[in-house]
Amino acid sequence: MSTPSLLILPGDGIGPEVMVEVRKIIDWLSNHRGISFEVSEDLVGGAAYDAHGVALHDATMAKAQSVDAVLLGAVGGPKYDNLDFSVKPERGLLRLRKEMDLFANLRPAQCFDALADFSSLKRDLVAGLDIMIVRELTSGSYFGEPRGIFKEGNERVGINTHRYTESEIARVARAAFELAQRRSNRVCSMEKANVMEAGVLWRDVVSEVHQAEYSDVELSHMYADNGAMQLVRAPKQFDVILTDNLFGDILSDCAAMLTGSLGMLPSASLGSPMDNGRPKALYEPVHGSAPDITGQGKANPSACVLSFAMALRYSFNMGKEATRIENAVEGVLADGVRTADLLQADGEQPVTTSEMGNAIVARLTASL
Ligand code: NAD
């Protein structure tokens with residue numbers, strides 16, 4: 001097979017800072033595991049606007065379409081807040097998601113034991129937590145037509161349309177079932193079939209796909225409001241949660257907070273398989289560009305490092321190396337190494353972004 005290709009888009013704020021640490025891991029894989037990537041790097045967000053007047057240059061978009069996977073840092077920052085909506089840094093990210101048709105957003109909520117006390121829930125509810133939320137990302141309430149603010153008589157009316165086709169539901173359901181088969185083989189699908197027709201269709205189609213193609217996976221259904229309650233009552237009951245764009249937006253943020261810091265949360269957005277069988281894929285930390293700490297060496301690189309680990313697992317079929325990286329991050333935390341966002345007690349000394357990256361690399365070497 002040809003060398004796998006990776007496009008790195010560091011972006012703005014702490015994006016480039018955390019990406020330096022991912023580069024150390026890419027180098028480590030090449031030096032110690034004989035795993036090489038054809039890595040290219042380009043601009044996105046405010047950095048692309050500064051250089052080209054747009055948040056994503058056409059040439060960068062074309063590159064993103066041609067590589068095996070894209071790894072993005074973060075976009076945005078106060079410098080760009082007053083730009084026209086059409087050129088705002090976030091448009092770069094939205095263009096990537098839209099044109100690559102990344103319909104399945106994967107957000108793991110994993111609680112490392114060393115961070116269990118960071119959760120807003122009691123330690124025994126979250127220690128060892130490992131759930132995956134699969135959110136439909138390209139349809140539903142955020143895209144449905146008609147949408148807008150219209151005049152109706154003497155008052156304005158705001159309209160968004162919650163619309164799903166069967167094929168949109170089926171393809172994201174398949175993504176969830178396939179993920180479950182690589183985990184604990186359970187999917188809980190969440191919608192509001194009790195009050196929404198689109199929810200009834202969602203439940204029907206998920207059940208049909210399950211029966212026809214994935215009957216070995218355990219499937220359950222839950223109303224999304226109950227799902228929110230269950231996530232904070234007993235989150236460990238879930239393995240894979242499958243849900244739509246709107247409910248997924250809320251439920252995935254809720255699940256994320258079970259695990260502590262934004263600096264620890266990776267994500268993947270996957271599309272249809274390409275000719276080589278790999279899915280179109282964009283990996284990125286959940287956090288933004290964190291302008292309040294940019295340039296201070298305070299950023300936690302773990303979320304970006306863990307996003308790269310997801311790329312190894314889901315794009316490159318290198319689950320063993322992904323686990324090695326996840327274990328290295330967990331090991332570093334167990335050693336008490338903390339960036340500033342993870343400090344718990346007065347007097348604890350934080351390490352810098354670079355020291356955190358070095359500690360992860362040292363753990364990787366120790367794993368050999
Ligand atoms: P943010 O995620 O950038 O920061 C929220 C808080 O978390 C800040 O206090 C920040 O210092 C902290 N934080 C975030 N990541 C961290 C890390 N890796 N290590 C340590 N601390 C970390 O969210 P925000 O402040 O609401 O947004 C800042 C900018 O980022 C805005 O322009 C926003 O539009 C953009 N944004 C981009 C993305 C993205 O690129 N996907 C996501 C969210 C926000």
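Helices (H or I, at least four residues) and strands (E, at least two) are DSSP runs, numbered from the N terminus. By that numbering, Pro146 belongs to strand 6, which covers residues 144-152. The model is a predicted one. The domain assignment divides the protein into domain 1 (1-107 + 261-368) and domain 2 (120-259).

**Domain arrangement and interface**

- Taken over C-alpha atoms, the centres of domain 1 and domain 2 lie 25 Å apart.
- Contact between the two involves 15 residues of domain 1 and 17 residues of domain 2.
- The area buried between domain 1 and domain 2 is about 1500 Å², and 56% of this area is on carbon and sulfur atoms.
- On the domain 1 side, the greatest losses of area to domain 2 fall on Phe103, Asn105 and Arg107; together these residues account for 47% of what that side buries.

**Polar and charged links across the interface**

- Two salt bridges are found across the interface of domain 1 and domain 2.
- A salt bridge joins Arg107 to Asp253, with 2.9 Å between the closest N and O atoms.
- Seven residue pairs, with both residues at pLDDT 80 or more, are in polar contact across the interface of domain 1 and domain 2.
- Strand 4 (104-110) and helix 10 (302-314) are the elements that supply two or more residues to the side of domain 1 touching domain 2.
- Strand 4 provides the largest share of that side, namely four residues.
- The composition of the side of domain 1 that touches domain 2 is seven nonpolar, four polar and four charged residues.

**Backbone geometry**

- Most residues other than glycine have a negative phi, and most peptide bonds are trans.
- The peptide bond between Glu145 and Pro146 is cis, with omega at about 0°.
- Asn185, although not a glycine, has a positive phi of about 65°.
- Asn185 is located in the loop that runs between helix 6 (166-181) and strand 8 (186-191).
- Is Asn185 buried or partly exposed? Its relative accessible area is 25%, so Asn185 is partly exposed.
- Asn317 is likewise not a glycine and has a positive phi, here of about 55°.
- The position of Asn317 is in the loop between helix 10 and helix 11 (319-334).
- Asn317 has a relative accessible area of 67% and is therefore exposed.

**Salt bridges in the structure**

- The structure contains 22 salt bridges.
- One of them pairs Asp113 with Arg123, at an N to O distance of 3.4 Å.
- This pair links distant parts of the chain, ten residues apart: Asp113 is in the loop between strand 4 and helix 5 (123-126), and Arg123 is in helix 5.
- Asp113 is partly exposed, at 41% relative accessibility, and Arg123 is partly exposed, at 34%.
- Arg123 also meets Asp117 in a salt bridge, with an N to O distance of 3.2 Å.
- Another salt bridge connects the side chains of Asp225 and Lys192, at 3.2 Å from N to O.
- The residues of this pair are 33 residues apart and link distant parts of the chain: Asp225 sits in helix 8 (residues 224-233), while Lys192 sits in the loop between strand 8 and helix 7 (197-213).
- Asp225 has a relative accessible area of 41% and is partly exposed.
- Lys192 counts as buried because its relative accessibility is 16%, and the cut-off for buried is under 20%.
- Arg33, Glu321 and Arg324 form a network linked by salt bridges.

**Asn226 and a separation along the chain**

- Asn226 has its place in helix 8.
- With 27% relative accessibility, Asn226 counts as partly exposed.
- Asn226 and Ser315 are 89 residues apart along the chain, and 33 Å separates their C-alpha atoms.

Notes
Residues numbered from 1 in each chain as written. Predicted model: local features only at pLDDT ≥ 70, side-chain atom pairs only at ≥ 80, totals over all residues. Heavy atoms only, no water. Domains from an automatic or database assignment. Contact = heavy atoms within 4.5 Å. Buried area = accessible area lost by both parts, 1.4 Å probe. Salt bridge = Lys/Arg side-chain N within 4 Å of Asp/Glu carboxyl O. Polar contact = N/O pair within 3.5 Å; in protein donor to acceptor, adjacent residues only side chain to side chain. Nonpolar A, V, L, I, M, F, W, Y, C, P; charged D, E, K, R; others polar. Buried < 20%, exposed > 50% of the residue type's maximum accessible area, 1.4 Å probe, protein only.
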